[in-house]
Amino acid sequence: MPNSESDLPKFPLQGVRGLDVCLTPALIPLYNVEDYIVVVIDIFRATSSICYGIENGAEAIIPVSEVEECAAYREKGFDHLLAAERNGEVVTGFDFGNSPFSYTKEKVSGKTIVLTTTNGTHALHLSRSAKKIVIGSFLNLTSLCNWLKTQNENILLVCAGWKNNFNLEDTLFAGAVVEQLKESGFILDDPAIAANDLFQIGKSDIRQYLSKTSHGERMKKLGIEKDIDFCLQVDITTAIPILDGEKLVKL
């Protein structure tokens, strides 16, 4: 038996090209993140909105962990759009939150956006030691997977979950990525296999399957079901946001 957490084996396993899934940010310490390209996933709604914003010409999106960090950009005199969301709602005093409908070409083209969200930006910051960090959503699924196939690196799909807990929508998307990559020579860990099995169950009607999610229920209570439908559109964008220093930009 291992004597401590430091004695536990960490992924990726040596000598293989791994395609691994981290089911919640709380499990990130089990992975040697610096040995991976990380894909951050927060389907409802942060990563969907980031993909849509970058596709629509946003110059950059700066992810920050805390609302106070976001507000500080205004106090420093930056002419950035400030986006802050907590528990599914726009934080009072900010330009918008993480609804994809706020990231249209008319609003974001040529702009830099500072963004903080409940889950997605948290997962991103915990992954900062990765070789590269890219952003995934159903909106850019195929272009993301085609790019990942060309990378001779281990891949870690990090599900943002909900307040460090597992959630269904991010895991199902991870399974959709695994579906496209599993024949490309990767070795899958057990969470990747489970995520792909989940995708097999839900893929015939993703909207119906994810209608039962707890975060989906939160969004319905807030009257933003249209955001759910938007975030489940497949391949309406091709842009892949990648972290360059402090900013997410178009790859």
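Trainee: Which residues does Thr-118 touch, not counting residues up to four places away in sequence?
Mentor: In this predicted model, Thr-118 touches Glu-85, Arg-86, Asn-87, Gly-88, Trp-162 and Lys-163, with residues up to four places away left out.

Trainee: Where does Thr-118 lie?
Mentor: Thr-118 is in the loop between β6 and α4 (120-126).

Trainee: Does it count as buried or exposed, and why?
Mentor: Thr-118 counts as buried because its relative accessibility is 15%, and the cut-off for buried is under 20%.

Trainee: What lies 2.9 Å from a polar atom of its side chain?
Mentor: That is the backbone nitrogen of Asn-87.

Trainee: And how far is the C-alpha atom of Thr-118 from that of Asn-164?
Mentor: The two C-alpha atoms are separated by 9.9 Å, while the residues are 46 apart along the chain.

Trainee: Turning to β6, how many bridges join β3 to it?
Mentor: Four bridges join them, and the two strands run parallel. Within β6, Ile-113 is the bridge partner of Ile-61.

Trainee: Are the faces of β3 covered or open?
Mentor: Both faces of β3 (residues 60-63) are covered. Ala-60 and Ile-62 are buried on one side, as are Ile-61 and Pro-63 on the other.

Trainee: Now the largest nonpolar core: which residues touch the most other members?
Mentor: Leu-148 and Leu-157 do, out of 42 residues. The elements that give two or more residues to this core include β1 (18-22), β8 (154-159) and α6 (168-181). Of these, α6 gives the most, with eight residues.

Trainee: What does Leu-148 touch?
Mentor: Beyond four places in sequence, its contacts include Ile-37, Val-39, Ile-155 and Phe-186.

Notes:
Residues are numbered from 1 along each chain as its sequence is written. This is a predicted model: local features need pLDDT of at least 70, side-chain atom pairs count only at pLDDT 80 or more; totals for chains, interfaces and linings use all residues. Side-chain values use heavy atoms; hydrogens and water are left out. Buried means under 20% relative accessible area, exposed over 50%, partly exposed in between (1.4 Å probe, protein chains only). Two strands pair if DSSP finds at least two bridges between them. A nonpolar core is a set of buried Ala, Val, Leu, Ile, Met, Phe, Trp, Tyr and Cys residues joined through side-chain atoms within 4.5 Å. Contact means heavy atoms within 4.5 Å. A polar contact is a pair of N or O atoms within 3.5 Å; within protein, one must be able to donate a hydrogen and the other to accept it, and residues adjacent in sequence count only if both atoms are side-chain atoms.
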